[in-house]
Amino acid sequence: MTGAVIAIAIVLIVVGGITVSAVAYFRLQRHRADAVALAEYRRLAEEAVAGQKALHDQLAGLGNRVEAVEGLLRSVD
């Protein structure tokens, strides 16, 4: 009887250890996937900010050109 209880306890400990290891492994994989997604999001955000800065610079240049054209039109009058 005692041998059977010990065998059952050992089997439960082994199964519990395997279960805990599997859960930890999949949790780690999910964490890694989240980290990769976050890094990609950050890269895209940095690209968006750089694109916005380039657009802002282009708009500023266009604004200067419009002011120059307006100045020319006023000088013609």
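1. Terms first. A residue is called buried under 20% relative accessible area, exposed over 50%, and partly exposed in between, with a 1.4 Å probe and protein chains only. By that scale R43 is partly exposed, its relative accessible area being 36%.

2. Basis of the model. The model is predicted: local features need pLDDT of at least 70, side-chain atom pairs count only at pLDDT 80 or more, and totals for chains, interfaces and linings use all residues. Residues are numbered from 1 along each chain as its sequence is written, and side-chain values use heavy atoms, with hydrogens and water left out.

3. Overall form. The secondary structure consists of 1 helix and 0 strands, where helices (H or I, at least four residues) and strands (E, at least two) are DSSP runs numbered from the N terminus. The radius of gyration is 33 Å, well over the 11 Å that the globule rule gives for 77 residues, so the protein is more spread out than a compact globule. That radius is taken over C-alpha atoms, and the rule is 2.2 Å times the number of residues to the power 0.38. The C-alpha trace spans about 110 × 10 × 5 Å along its principal axes. A37 belongs to helix α1 and is partly exposed at 45% relative accessibility.

4. Burial and surface. Of the 77 residues, 0% count as buried. The protein exposes about 7000 Å², and carbon and sulfur atoms supply 69% of this area. Accessible areas come from the Shrake-Rupley method with a 1.4 Å probe; for residues, only the protein chains shown count as cover.

5. Salt bridges around R43. The whole structure holds 3 salt bridges, each defined as a side-chain nitrogen of Lys or Arg within 4 Å of a carboxyl oxygen of Asp or Glu. R43 pairs with E40 at 2.5 Å, N to O. These two residues are 3 apart in helix α1 (residues 2–76), which means a separation of about one helical turn. R43 also bridges to E47, with the closest N and O atoms 2.3 Å apart; here the spacing is 4 residues, about one turn of helix α1.

6. D57 forms a salt bridge with K53, the closest N and O atoms lying 3.4 Å apart. K53 is exposed at 53% relative accessibility, whereas D57 is partly exposed at 41%. D57 and K53 are 4 residues apart in helix α1, about one turn. Through shared partners, salt bridges join E40, R43 and E47 into one network.

7. Nonpolar patch. I6, I10, V14 and I18 make a nonpolar surface patch of about 370 Å². Patches consist of residues with over 30% relative accessible area and no salt bridge; like charges are joined within 9 Å, and nonpolar side chains (Val, Leu, Ile, Met, Phe, Trp, Tyr) within 5 Å. V14 is located in helix α1 and is partly exposed, at 45% relative accessible area.

8. The protein has 8 positive and 8 negative charges, and their mean positions are 14 Å apart. Lys and Arg count as positive and Asp and Glu as negative, while His and the chain ends are not counted. Each charge is placed at NZ of Lys, CZ of Arg, CG of Asp or CD of Glu.
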